[in-house]
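Please keep the structure in view while reading.

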Amino acid sequence: MSWEEEWAQLKAQALARTQQSATRMQLNQLVADGGGGASAGPGGGGDGFSVSAASINGSSHLLLEIAGVLYEGRMDGENATMCRTPRSHPDVATNVETFARYAKDQYTDAVVLLAALSSKLKSANNAYVEYDDAVRGKLNSVLVAGRYIEAGDR
């Protein structure tokens, strides 16, 4: 098999996987109605998405776990030490040191970014839960304190 044939086969397999996973993935989206658009209830006045506080909280914990795994997988200082001048050519030692510094900066930036995203996600979740509880309380007060008056008696 030539390189071009193998490359074409790999691209076709990747495309098939992408199309297959795209049809299976659905992120907190309500099922579309018969007209093709998503509705949020009888009035149909929503944006078509729902929120799950447990899902948001789980996602924020997942981001922190990814940050921890990424931090643990950072470049080992021993790699750069083994490539210092007496053991390797000075140009190689300089390039390895440059790469090690760059890799450390990239790892640190990624870990900080993931931790910040996790914090933002947690605060968004808390704001959602507080707002949802406030709305639930208002609706409950209407149900508890309200009374039914027939249309003819109004």
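In which kind of crossing, left-handed or right-handed, does H2 pass H4? The crossing of H2 past H4 is left-handed, a term used if the near helix is turned anticlockwise from the far one by less than a right angle, with right-handed used if it is clockwise.

The model is a predicted one, in which local features need pLDDT of at least 70 and side-chain atom pairs count only at pLDDT 80 or more, while totals for chains, interfaces and linings use all residues. Residues are numbered from 1 along each chain as its sequence is written, and side-chain values use heavy atoms, with hydrogens and water left out.

The protein chain holds 4 helices and 0 strands; helices (H or I, at least four residues) and strands (E, at least two) are DSSP runs, numbered from the N terminus. The pLDDT, which is the predictor's confidence in each residue from 0 to 100, has a mean of 74 over the protein chain, where 75% of the residues reach 70 or more.

| Helix | Mean pLDDT in the protein chain |
|---|---|
| H3 (residues 77–82) | 69, the lowest |
| H4 | 84, the highest |

Over residues 34–45 the pLDDT is below 50, and this stretch has 10 contacts in the model beyond near neighbours in sequence, where contact means heavy atoms within 4.5 Å.

Two packed helices are described by the angle between their axes and the distance between the axes. For helix H2 (residues 53–72) and helix H4 (residues 90–145), the angle is about 165° and the axes are 9 Å apart. H2 is therefore roughly antiparallel to H4, since angles over 145 degrees count as roughly antiparallel, under 35 as roughly parallel, 65 to 115 as roughly perpendicular and the rest as oblique. The axes are lines fitted to C-alpha atoms, for helices over the stretch in contact, and angles run from 0 to 180 degrees between N-to-C directions.

Ser 60, which has its place in helix H2, is buried, with a relative accessible area of 0%. Leaving aside neighbours within four places in sequence, Ser 60 is in contact with Ser 118, Leu 121 and Lys 122. Arg 74, in the loop between H2 and H3, is partly exposed, with a relative accessible area of 38%; buried means under 20%, exposed over 50% and partly exposed in between (1.4 Å probe, protein chains only). The C-alpha atoms of Arg 74 and Thr 108 are separated by 8.8 Å, although these residues are 34 residues apart along the chain.
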